[in-house]
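Look at the model below with a few simple ideas in hand. We will visit a pocket, then a core, then a strand.

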Amino acid sequence: MNTQVSAVQNDSNVCADIVGFDFSDYDEADIAALRSYWLQYGVIRFRATHITDQQQIDFSRHFGDFVIHPKQLQEGGHPVHREILVISNVMTDGKPSGALGNSEATWHTDTWFYERPPAGAILRAIEVPPSGGDTYFLSTYRAYETLPEELRKAVEGRQIFFQNLYDKTGKLRLGKSEPVSADFREWAGIVHPLVRTHGETGRKALYLGGTPEGSWIVGMPLDESNDLIAKLWEHTVGTEEVFVQKWNAGDIMMWDNRCTMHRRDSFDPKTIRIMHRTTTSGERPV
C-alpha cells in the first residue's frame, strides 16, 4: 500500500505530475487520490513507469469498463491483450503492426462520433523517437470559460452534429456504407451538446469533436454554422495555455476525454514510435 501519492502541477492549466504512486503496490485510497487529481487537472502524467501490459490493464480497470477503439478491430489490435490499442509505425511483412502510424494527428477529442465517447485514455510509451512525436493537451473547460460574450451567447443551448461515416483521413469507417446524399447533414452521425456538462465535476466544457469538417450546429444555416464552428475552433486551439508532453520510454499520460483535446506532432518515419493505450468508458454528453 502506498499512502504518499501527490500531484505537482506542471507549467500549464491542464496537467500535473503524479509522485509517489507504485503500480505494483496500491490500494483503493491511492486510486481515489489519482481520480481526484485526474478530475482536477484533466491530464496526469507518470514518469518512467516501465510497467507491463498486464499492469496497465489492471490499473486501467479501476477507472471504468474498457472501450474498444475502432482501430483495435483493424491494424491496432494487440496480439495478446484485446484491451490495448497498439499505436506504432513499425511495418511487419509489409503491413503496419499498429494504428495511426507516423502521420501528424490534429487536435481532437477521442471518438467524438460515438454516442458515449470514452471518459479516459491511458497512453504508455514503449519506444519513442529521439525527437518529434510530442503530444499536446489543452483544456476545453478553459475554452468555454474564456469565450467572448458574443460566442458564449451563440453556443448557449446549441447542439452539434458529427457525421460518422468517414474518418479524418477520408477513409470510410469500419462497417459503414457510402452515402447516397452529397449533404453530410443527411449522413449517419451523432448529435451532442456544443457545451457539455462533465458527468463528475459538473463543470462546462466546449465540445468540438475532432474536425470542423462534417460538423454542423443543428438548426443553423450551413454557412452560419461553418462560420461559428470556425470561430470556436480558432478560439480553442489558438490558446497559448497548452501542455507539451515530450516522451521518454515508460512515461504514461492519462487524460480526461470529457474536458480536454490533444494532438500529436509528426516525426521521422525512419525512427520508431510504439505506444500502448487503454481506454475507459464514459457517459453520454449532456
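On a 1 Å grid over the protein atoms alone, a pocket is an open set of points where a 1.4 Å probe fits, with protein on both sides within 12 Å along at least five of seven lines; lining residues have an atom within 4 Å of a point. This is a predicted model: local features need pLDDT of at least 70, side-chain atom pairs count only at pLDDT 80 or more, and totals for chains, interfaces and linings use all residues. Residues are numbered from 1 along each chain as its sequence is written, and side-chain values use heavy atoms, without hydrogens and water.

Which residues line the second largest pocket? They are W112, Q163, Y166, D167, K168, R173, F184, W187, T211, E213 and G214. By class, 4 are nonpolar, 3 polar and 4 charged. Gly counts as polar here.

Now turn to the core. A nonpolar core joins buried (under 20% relative accessible area, 1.4 Å probe, protein chains only) Ala, Val, Leu, Ile, Met, Phe, Trp, Tyr and Cys residues through side-chain atoms within 4.5 Å. The largest one has 25 residues, and L147, L194, L206 and L232 touch the most other members. Helix α5 (222–237) is one of the elements that give two or more residues to this core. α5 gives the most, with 4 residues. Apart from this core lies another, of 19 residues, including I18 and F23.

Last, the strand. In a regular strand the side chains alternate between the two faces of the sheet. In strand β4 (residues 85–88), L85 and I87 point one way, V86 and S88 the other, and all are buried.

Note on methods. Buried means under 20% relative accessible area, exposed over 50%, partly exposed in between (1.4 Å probe, protein chains only).
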